[in-house]
Amino acid sequence: KLEGRTALVTGSTSGIGLAIALGFAGAGAKVMLNGFGSAAEIAKARAAVGAAMGVAEAPYSGADMSKPEEIRAMVKACEAELGACDILVNNAGIQFVAPVEEFPEDKFDRIIAINFTSNFHAIKAALPGMKARGFGRIVNVASAHGLVASPYKTAYVAAKHAVVGLTKSVALEIARGPVTCNAICPGFVRTPLAEAQVKPLAEKHGVSEDKALTDFLLERQPTKRWVEVEEVAEMALFLVGPNSGSINGSALSIDGGWTAQ
Ligand code: NAD
């Protein structure tokens, strides 16, 4: 159902972004990838998404989401190589966990830049083309932490709340046009970013990794299981599809009931 559409998914060499890129390509879109990783990881992602697109390798931009000029160049490259940027998924993100008094300033600034400010720069760059072509879908991957907080994640929680705010404001500006802007708010999803938090919790509390997962990391995720990347990809696919034009400015939860509490 995405035949003829083009998409740019940031942070798509791994985790949620890669699953979204695969989902879009499988639905018929041409997708440009972005993100870091080893040459082998990037080649593997390009080959996998390329296979779903029926080409040897998917187009790729190595733009650093902390650098505004690289973000602008990435959007231009997508428009040049794919002919358009109909769908923009702002997904790249990093995490760092520390008490606020000990939070390194450079880490704080980097999380705000990559997880939040990059969304502004990409939207600003992509929106004119979407309006001119008469179709656009912007999906920002926020988090349950865009709606509620946890301790020791000040930068991440602030950045994700900011993403939800940006989403709403952009949505109101463009409401009468052919473009929508929404946020997805996942709970804990089985990806390298989240799995990396299990071991430190097990060590901190002196428990097994299984127990650290259910009792500590998923403390507030009532399903007590990871959200799977394919589940998030399916939600993104719906948001960019033909019947989603009335969903605008929403922050859609996919969190196993976390924010129902
Ligand atoms: P991940 O670590 O698997 O993937 C992150 C991606 O972002 C990778 O492709 C990485 O290379 C890329 N990236 C990191 N820094 C970058 C930079 N400066 N420029 C360009 N790309 C960069 O993580 P994930 O769990 O798939 O996270 C994807 C998004 O989902 C993030 O925004 C994250 O905050 C959000 N999220 C994740 C969870 C979760 O539990 N995993 C929950 C809610 C929200």
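Which residues of strand 5 are buried on one side, and which on the other? Gly136, Ile138 and Asn140 are buried on one side, and Arg137, Val139 and Val141 on the other. Both faces of strand 5 are therefore covered. This is a predicted model: local features need pLDDT of at least 70, side-chain atom pairs count only at pLDDT 80 or more, and totals for chains, interfaces and linings use all residues. Residues are numbered from 1 along each chain as its sequence is written.

**Terms for the folds**
- Helices (H or I, at least four residues) and strands (E, at least two) are DSSP runs, numbered from the N terminus.
- A residue is buried if 20 or more other C-beta atoms lie within 10 Å of its own, exposed if 12 or fewer, and partly exposed in between; C-beta atoms are placed from the backbone.

- Seven strands form an open sheet with parallel pairing, in the order 3-2-1-4-5-6-7. Two strands pair if DSSP finds at least two bridges between them.
- Strand 3 (60-61) and strand 7 (251-254) stand at the edges. Each has a single partner strand, so one side of each lacks a neighbour in the sheet.
- In a regular strand, side chains alternate between the two faces of the sheet.

**Strand 5 and its partners**
- Strand 5 covers residues 136-141. Six of its six residues are buried, so strand 5 is largely enclosed by the rest of the structure.
- Strand 4 (residues 87-90) runs parallel to strand 5, and four bridges join them. Val89 has Val139 as its bridge partner in strand 5.
- From strand 4, the chain crosses through helix 4 (residues 105-133) to strand 5, and this β-α-β crossover is right-handed. Right-handed here means that, with the strands pointing away from the viewer, the path from the first strand over the helix to the second runs clockwise.
- Six bridges pair strand 5 with strand 6 (residues 179-186), in the parallel sense. Val141 has Ile184 as its bridge partner in strand 6.
- Another right-handed β-α-β unit is made by strand 5, helix 5 (residues 154-173) and strand 6.
- Strand 6 and strand 7 run parallel, joined by four bridges. Ile184 stands opposite Leu252 in strand 7.

**Helix packing**
- Two packed helices are described by the angle between their axes and the distance between the axes. Axes are lines fitted to C-alpha atoms, for helices over the stretch in contact, and angles run from 0 to 180 degrees between N-to-C directions.
- Helix 1 (residues 15-26) and helix 2 (residues 39-53) have axes that come within 7 Å and cross at roughly 20 degrees. That makes helix 1 roughly parallel to helix 2. Angles under 35 degrees count as roughly parallel, over 145 as roughly antiparallel, 65 to 115 as roughly perpendicular and the rest as oblique.
- Residues in helix 1, including Leu18 and Ala21, meet residues in helix 2, among them Ala45 and Ala48.
- Helix 3 (residues 68-82) and helix 4 have axes that come within 9 Å and cross at roughly 35 degrees. Their contact includes Ile71 and Val75 of helix 3, and Ala122 and Ala125 of helix 4. Two residues are in contact if their C-beta atoms, placed from the backbone, lie within 7 Å.

**Gln197**
- Gln197 sits in the loop between helix 6 (192-195) and helix 7 (198-205).
- Gln197 has 16 C-beta neighbours inside 10 Å, so it counts as partly exposed.
- Leaving aside neighbours within four places in sequence, Gln197 is in contact with Val97 and Leu217.
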